[in-house]
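Okay, thanks for coming, everyone.

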Amino acid sequence: MGETEQRPTAGSRLGAQENAGISTLEHGQKPPMTPPGKLVSIKIQMLDDTQETFDVPQRAPGKVLHDAVCNHLNLVEGDYFGLEFPDHKKMMVWLDLLKPVMKQIRRPKHVVVKFVVKFFPPDHAQLQEELTRYLFALQVKQDLAQGRLTCNDTSTALLVSHIVQSEIGDFDETIDREHLAKNKYIPQQEALEDKIMEFHRSHMGQTPAESDFQLLEIARRLEMYGIRLHPAKDREGTKINLAVANTGILVFQGHTKINAFNWAKVRKLSFKRKRFLIKLRPDVNSSFQDTLEFLMASRDFCKSFWKICVEHHAFFRLFEEPKPKPKPVLFSRGSSFRFSGRTQKQVLDYVKEGGHKKVQFERKHSKIHSIRSLTAQPSEQHPEVPKQSSSFAYGDDNDAAAVQSCRQGKELKASAEDTGQHKSPSLKKSPKESKKVDGAVVSTVEEEEEASKDRMQQNRQSQQPSTAGSLTGSPHLSELSINSQGGPSVANMSLSPNLSPDAKQSSPLISPLLTDPTCIRTDDEEEVKRKRFPTEKAYFIAKEVATTERTYLKDLEVITSWFQSAVSKEDCMPESLRNLIFSNFEPLHKFHTGFLKEIEQRLALWEGRSNAHIKGDYQRIGDVMLKNIQSMKQLTIHLWKHNEILIELEDGIKNSRKLETFCRDFELQKVCYLPLNTFLLRPLHRLMHYKQIMERLCKHYPPSHIDFRDSRAALAEISEMVAQLHGNMIKMENFQKLHELKKDLIGIDNLVIPGREFIRLGSLSKLSGKGLQQRMFFLFNDILLYTSRGLTASNQFKVHGHLPLYGMTIEESEEEWGVPYCLTLRGQHQSIVVAASTRAEMDKWTEDIQMAIDLAEKSSGPAPELLASSPPDNKSPDETTVDQESEDDLSASRTSLERQSPHRGNTTVHVCWHRNTSVSMIDFSIAVENQLSGNLLRKFKNSNGWQKLWVVFTNFCMFFYKSHQDNHPLASLPLLGYSLTIPSESENIHKDYVFKLHFKSHVYYFRAESEYTFERWMEVIRSATSSASRTRALSHKEPHTY
């Protein structure tokens, strides 16, 4: 007789030892007693689509089966997973761990139970087992294939590319095509194969573990990640979908989230027949009723959803498993259902305690073996995996997720390796490695030496008095634009032949930043000053709250102090508008003055400037944040008024020439370093910054930390405020951006109309009768404008023409015209040919224009007439695509110049013109959340000492101050087009936490005070130096709908 062939199990396929199972019970607990009796075979479908059979006693509770599956897989973090099966009514339900299996699965021979992810944590970094992340990645793969995880084509392709990388390794075109032909990851996969392969090419060298990490990093930012929709109706009978997540209960219309009820504001969940009831905590600022009611298809559907809500609340919110209620003596009232199993906190504590063996497992389709570590965080196990913080951002949700993974997985690799070992990144990089970071090539040593000579020559010239604008034509003009007589002005780096000779530039070499010897500090002095301050990450997070709060308070003072003072001297603003603005901003300024004082006092105690730190009671910030965020909710009524303030101010400017002139003159003051209406949005932006900071703090703290509970409560409170105001803020940002662009344009009357939304602006070359000429293009959701820079003192852009997007087509035409990166835009009455500066720029424009065309086609019809005095266009669609444009039109632009006074020269539009690049509304939305303030040490390429400066980073620009107490910046550095890298060893920057900014021959080194601040500065600056396309820039939780 031959031996019976033993069937391979899921654990053996993964390379696990059969008898090395680890129970999901608490340490020291014994597994439940297996009830005697007849065994029943249950078929389980694993996440890799294989089936296993488990024999359990008939009277065994569901927990026995669940533990058997986890032990079989050697799965430590099995509590995140559940068993799902169709009941007798074909409705998918979860296996109750307390009830007997046979009372739930009536006909086990005909039922296949699925082992799937049940609880999706807010951050995949909380999953400490590599096997757990692998199984989560399989769940994402399954949801993509089933159409449950919906996202745009770009995010879909990026997700699939990481799956392919984990399965077959590095990119090979032939192997990729064969693999994609045999494996269908998504519906209609053929249309995205090229994009999948393009992304896969960028993952070279990425291990399967890294691919899983990046896959989950993208997926967790998608709105439908971990979401299972439950059909329902509201009180009005509108069809909606309910879902539950780690944060609370969500309401969807289709696949769009329209509302969310955080656990913090849910008082009670119940159901009555088919009605699902949510009782909310009373809130004076909320417009919701006390109890919300939703109607579901049946009582069974309603009870099933209620159960999963109870389980989610217990798993994510409780510290330990709830105890069973005592049985009633006579009769029971209501359901006795309760959550059974460990909570997330218990799971995290159990895994961190360790005590398990490290087990190798083998992945499907991969020859790489991974050793599971039970003690280290993912970023510590794999330093090459970037440490990423949870963020709340704007722009397209899906696009933002893509850039976070695609860029950080490669470009942050060097910095993550170094910072993970607490070493200076500058000491770890070799010259060869530092040649290319962020997709930009670093200057060679020879080029740097040549630039060094030029800069030394400039330094000699700086000893002589120079007149304003004397360096305008210099090919080595410094990038630092100095605030001198009218605010910052941008330096023309590209030195385009179209540059206006009237665009006078003040010399950066007379800046006190460069000439004041008191600003220079030697390295020895700085080392002495390296404080004996706390070094833990929580301290630096708290310090970031303080530094950014200082800047925010200064921004509020621009309105409450400087603007109010100027208004009081000029009788140009209606009394009603004046009261509206200042009555809503003064309470905010008063509150945040006290808030900043509390934070600074707590930091002083934390740093040990009193004896309180000995007790350890003050080495936290969550309690201060919770107290003030709760108080801040009382100011929500003022935040809701900001929309009205912005509209009323712009209407007042439109109707009063005197007020328009006043506001324009105020913007030219040094203290107003940003457009005036940007300051009106600052309070809403600040809420989002609080949310980001609290997310980082909660992610850093273990659940057992003394500050964790307060921090988590503060995060819940601020998240609720952001959710309420977010939709309003997106509309206001678009409204503000349209009015800001209106100031940069001439020859246009009705740019700001209801329904119009800005998408992208940037420099393209337009083919005309005189060849390729630089033009500035502005893309909206209904129209495309093209302009040229006027030869005027105002430096505004003259509108030359426009193309309605309705009926437009776009096609690449490099071969037809012999021009690289060339596109032909064919409108219904006109066609033009444009060329981008790079392939990346062409792809950004192509994608956004095509998206805008699709939106225009879905709208009611063509856009309204836009230009005030545009000549009639009699061209037929069949006419030549080369637009016969004369440069004489440029000189004629002096007519109808109503704003002939000096105009700001450092606006984003002008920077894009000089740097020959573009930015989108998504970039602006990313810039809103990536703001930072603090002290940095700066060094020029050929200088010896480090210069300590207070630096504010906002709006794609670094603003430099001598100290945080200064009212206005001394200089500014627009970063669009710059490259962010880490110095190589050949540059001899032997200091910790140094990063390098360079554009052409301009090189600046900046040095942070700690690993955390170094990573934060790298993170926020990268958002400006790496202008995101819709294809890659997807990091955001709330999409900007165009």
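First one for you: is Asn-74 buried or exposed? Asn-74 is buried, at a relative accessible area of 1%. Keep in mind that this is a predicted model. Asn-74 sits in the loop between α2 and β3, and its phi is near 55 degrees, so a positive value in a residue that isn't glycine. For background, most residues other than glycine have a negative phi.

There's another asparagine like that, Asn-916, with phi near 60 degrees. Asn-916 is in the loop between α29 and β27, but here the residue is partly exposed, with a relative accessible area of 31%.

Okay, salt bridges. A search of the whole structure turns up 41 of them. Take Arg-228 and Glu-84, where the closest N and O atoms are 2.4 Å apart. That pair links distant parts of the chain, 144 residues apart, with Glu-84 in strand β3. Glu-84 is buried at 8%, while Arg-228 is partly exposed at 21%.

Next, Arg-682 and Asp-555, 3.0 Å from N to O. Arg-682 is in helix α24 and Asp-555 in helix α18, so this bridge ties together parts that are 127 residues apart in sequence. Arg-682 counts as buried at 5%, and so does Asp-555 at 3%.

Last pair: Glu-1019 and Arg-1016, at 3.1 Å. They're three residues apart in helix α31, which means about one helical turn between them.

Key: Residues are numbered from 1 along each chain as its sequence is written. This is a predicted model: local features need pLDDT of at least 70, side-chain atom pairs count only at pLDDT 80 or more; totals for chains, interfaces and linings use all residues. Side-chain values use heavy atoms; hydrogens and water are left out. Helices (H or I, at least four residues) and strands (E, at least two) are DSSP runs, numbered from the N terminus. Buried means under 20% relative accessible area, exposed over 50%, partly exposed in between (1.4 Å probe, protein chains only). A salt bridge is a side-chain nitrogen of Lys or Arg within 4 Å of a carboxyl oxygen of Asp or Glu.
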